[in-house]
Amino acid sequence: CIICFGQIGHGGQPYSFNKSQLAYSDIPIMFLPPMDNQMLLQAELSPIDTQHKVGYQFGIELPVDYSLTNSGLWEILDNGDRLWRLKVKSIGAISLNLIFDEFFIPEHSKLFIYTADKSYVTGAFTHANNQPSGIFATALYPSDEIVLEYYESKKDKDLSKIRLTTVVHAYKDLLGEKGTYGTSGKCNININCSTGTNYQDIKQAVALILRGGYAHCSGTLLNNVRQDGKPFFLTANHCISYSSIVKTFVFIFDYESEDCTGNNPKQTYSINGSTLLARDVYSDFCLLLLNDTPTQEMMPYYAGWDATSAQPQGAVCIHHPGGDLKKISTTTNLLKYSKYAEDDDNYPDSTHWELTWTKGTTEGGSSGSSLFNLNKRVVGQLEGGTASCNYRSGIDLYGRIAYSWTNNNNVDTSKRLDYWLDPDAMGTLVLDAYNPFNLSIKNKQNTTEEIFCSVYPNPAKDMINISSQIQDFEYEIYNVNAQKVSFGTVHDGEIHISTQSFVNGMYFVRICSCQGVQMLKFIIQR
């Protein structure tokens, strides 16, 4: 895809693509210190943190100081406007992302950022992208060389502030090409597998949080009682090491595979920065307000929530383990009341839900992801636990929305959820999702006729054979009138089905497994 991580910009094309008089080779280039990707990989200690699952490092943050006044080249245009350009290169980087600590674009000017081959362009960034903090962070550019291009209107001369202070050199590939399971364990399930079929709406509320060189945490866009599309975002308190760090977060939505077995992300969208509204340690919740409201193109979905003490029988988590493409985990068990610090008498009781997973698990990067009850309402967010692909009986602990709602009647509004999600004090404890653009999403299924099914047309055999490398799968056979004529479950990877009762014609086999859904067809002609 041309743009894999499309940030909210305001359209258009860089001026230099068609009109600049200067050649690309004339643009000054700043080379970052040489990085050895293999040495960076070997230098990682990567301890397994089973208590607080935070982050997956993919890059190293390099300090720089590039601004409109000390770097780059200005070009005066015929109409009196000016064009400033700067190339930044970190040799061997798999991708680059940027953090500006000064970012102010006046009303008539605009900034573009693009890769050297011009295949990936973001912008225009305009005055609408300015934030009170002056901080601006980008998503990932799939190249080791990028260009900053600033078009300054003569009306805005000397009013701009653009100062790049951090460049992240990626020594791991967060853009895909990692294999079927990417960076996470093999027991994780892509959101577009059959397990996620009923959750194609609420998955749109889930985002990966990017912080500098880390795929940091997961989180969820939340509805509020006014249902006005205000972009509240729930994650975990332990994802926030200090309050101002949320200004540098980049929230990546739609970071998922196109289908069940794919390993490359489809086009995704990102929002830069947020404001910290509320947080507390006991139920480990953190509520943010995103700097921008998701656009219709992003197909946003604001998840509902349940702040009652009802004990869910079964639940679902949608998350980004290890910074990987979006996954889904499910449990059919009754959730238990618990607390994170069981051995601490000063720690309040019943602050968390405790569970074990039936399918999938969580990992570093899953922190802050929401736990949904079977009514698709958020009931908590992940703090941590011992669950992993290697420890299937391990537990996970989610801070309860019901506890965070008032945080034990805390008078400080920055330590409770109800003040923000029920701003008019309506007393609402259960709220459904808000779908501002009436999105309708269905997961894309794999379609193949070679893997699972072979048909013997010989009337003497009158048999259809279904086989798979997956040992356990379900099958259903339909005729052309969508009538089910056969179904069952297979536990040994192969089955032979008699077709003696089938009349001549075309049939369809629907096969469901942990790897997804496949629709095959065969013809009986005696």
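**Cysteines and their links**

The torsion about the S-S bond of C193 and C260 is about 85°, so this disulfide is right-handed. The link spans distant parts of the chain: C193 sits in the loop between β13 and β14 (206-211), and C260 in the loop between β17 (250-253) and β18 (268-272), 67 residues apart. The S to S distance between C193 and C260 is 2.0 Å, and both residues are buried. The model is a predicted one, and a search of the whole structure finds three disulfides.

Another of these joins C187 to C389, with 2.1 Å from S to S. Here the angle about the S-S bond is -85°, and the link of C187 and C389 is left-handed. C187 lies in the loop between β12 (161-170) and β13 (189-190), while C389 lies in the loop between β27 (377-385) and β28 (396-400), so the pair ties together parts that are 202 residues apart in sequence. C389 has a relative accessible area of 23% and is therefore partly exposed, because buried means under 20%.

C217 and C239 form a disulfide with an S to S distance of 2.0 Å. The link of C217 and C239 is left-handed, with -95° about the S-S bond. C217 belongs to strand β15 (residues 214-222) and C239 to the loop between β16 (232-236) and β17, so the parts tied together are 22 residues apart in sequence. C217 is buried at a relative accessible area of 0%, and C239 counts as buried at 1%.

C286 is in no disulfide; the nearest cysteine sulfur, that of C239, is 7.9 Å away. With 0% relative accessibility, C286 counts as buried. C317 is also buried, with a relative accessible area of 0%.

Conventions:
Residues numbered from 1 in each chain as written. Predicted model: local features only at pLDDT ≥ 70, side-chain atom pairs only at ≥ 80, totals over all residues. Heavy atoms only, no water. Disulfide = S-S within 2.5 Å. Helix = DSSP H or I, 4+ residues; strand = E, 2+ residues; numbered from the N terminus. Buried < 20%, exposed > 50% of the residue type's maximum accessible area, 1.4 Å probe, protein only.
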